[in-house]
Amino acid sequence: MQPKARIRAIVGIRVATAFAGCLGGTDVGAQEVVSLPAEDLRLPADFELVYGIGSIEASAEWEQFSSILGLGFDASGRLYLLDGPGGQQAARRVVVVDGSGRHVRNFGRPGEGPGEFRRGTELIVWEDGRSVVADITGYHVFGPGGEFERMVRPRGEFGVVTRVGFRPERTGSQTALVREDRSILRVDMSSEEVEERILVWTPGEQPWVLPPGADFEDVLETVGDEWGFKSEVLFDALPAGGVAFSDSSAYAIKVTDPSGAISRILRRPMRPLPVTERIKREERERRLEELSNQQVTALEGDPPPQIASMINRYMEARRGAIENMQFHPYVPVISAVRVTWEGSLWIERSTEPGASEPGPIDVLALDGRYIGTFPAGRLAMPDAFGPDGLAAFLETDEFEVPVITVRRLPQNVR
């Protein structure tokens, strides 16, 4: 039987639906296992600066960013930025700059109509310059010139707000990848109704599936046990199709072909960090603070009393789960998996929870060669990779204003 998954809305906090068809990624046949060296080979992190945009002192209106919600490159090296109003997670425009950081165009705006954002939160860019903004009403698809092409609606009665790991596929087709629980889904946006199929499914506890016609009391029943340091499915798309992903607390990167079948596993002998009582206490406090911030955001705009009551009841259920949360014994070794435009794997390793500096980043070739490691604290993971070694880094200045720096990676780590 083929597994099916479905995400449901919780009163406007996260809304999405997913349907799955073909099961891939579970082939345990001809898999090459590559053992990587245990010792780090230090890589320098001094990259060529290409351009920087955005600051509180920016004179041009287009460069006055409020909150960058997503960014991505097309094949010509143009960078697309999804900008939202300060303090709110909702897009107001897409800004496009060329390979030198010069302004090309803006498109999209807040509103209720086609190509207008009601609650847009995410952006992907395909190689040909088409782009997609995920919104509560569905997916807005724009052409290479920023012209609105169509609205792609999810199946079912709910829309879209946030998809975990929203990534464009770079296969020439209008498809994207998202994570849903323990699955990686391929999302086809070539028509006006989204089609989703499982590319990779990994074993693990599956969430409750709400039956058709479920009411809010059923939603509250889905608030189950809260777990700390559960190994998530981390992934990124490969240039020719397929994905590289991690799904356990160990250092094991699985590489698939375009069908989702695993062809190679890359391993390093890295020991996970044991979870202490101090780590448990700090993680519980962090999650409670995060939940409080979500509640404030969800209640912005003075929702109707019935909706506000539902939000508060759901948050109270979540708060109780966090206060009584359980913990896995180890912090997973890997915290992020990304793939460059040319196909190198950038694997960020975890640091102690709550640390302010990023962890070390390993660079691996797809064939399993270990290239080297950027030491902990020396380099943040790029927010987007582009052609010809381009990499975009998103930061904020002392006034919390977004600043985007684009640098060019040396050939050996692209």
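Two strands are said to pair if DSSP finds at least two bridges between them.

Good morning, colleagues. What we have before us is a predicted model. Across the protein, pLDDT averages 85, and 84% of the residues score at least 70. Residues 1-28 call for caution: pLDDT stays under 50 there, although the model has 91 contacts beyond four places in sequence for this stretch. Where pLDDT is low, predicted coordinates should not be read in detail.

Let me turn to strand β20, which spans residues 252-256. How many of its residues are buried? The count is 5 of 5, and the strand is accordingly described as mostly covered. In a regular strand, side chains alternate between the two faces of the sheet. In β20, A252, K254 and T256 point one way, while I253 and V255 point the other way, and all of them are buried.

Next, the partners of β20. Strand β19, residues 243-246, runs antiparallel to β20 and is joined to it by 2 bridges. Within this pairing, A244 stands opposite V255.

Which residue of β21 is the bridge partner of I253? That partner is L266. β20 and β21 also form a hairpin with 5 residues between the strands, and in this hairpin G260 takes a positive phi near 100°.

G260 leads us to another part of the chain. The C-alpha atom of G260 is separated by 5.5 Å from that of V200, although the two residues are 60 residues apart along the chain. V200 belongs to strand β16, residues 195-201. Is V200 buried or exposed? With a relative accessible area of 1%, V200 is buried, because the cut-off for that class is under 20%.

Finally, I would draw your attention to an open sheet of 4 strands, ordered β9-β10-β11-β12, with antiparallel pairing. β9 (122-125) and β12 (148-152) stand at the edges; each has a single partner strand, so one side of each is left without a neighbour in the sheet. From one strand to the next, the twist averages 20°. For β9, the pairing with strand β10, residues 131-135, is antiparallel and extends over 4 bridges. In that pairing, E122 stands opposite A134 of β10.

Thank you for your attention.

Terms used:
Residues numbered from 1 in each chain as written. Predicted model: local features only at pLDDT ≥ 70, side-chain atom pairs only at ≥ 80, totals over all residues. Heavy atoms only, no water. pLDDT = per-residue confidence, 0-100. Contact = heavy atoms within 4.5 Å. Buried < 20%, exposed > 50% of the residue type's maximum accessible area, 1.4 Å probe, protein only. Axes fitted to C-alpha atoms, helices over the stretch in contact; angles between N-to-C directions.
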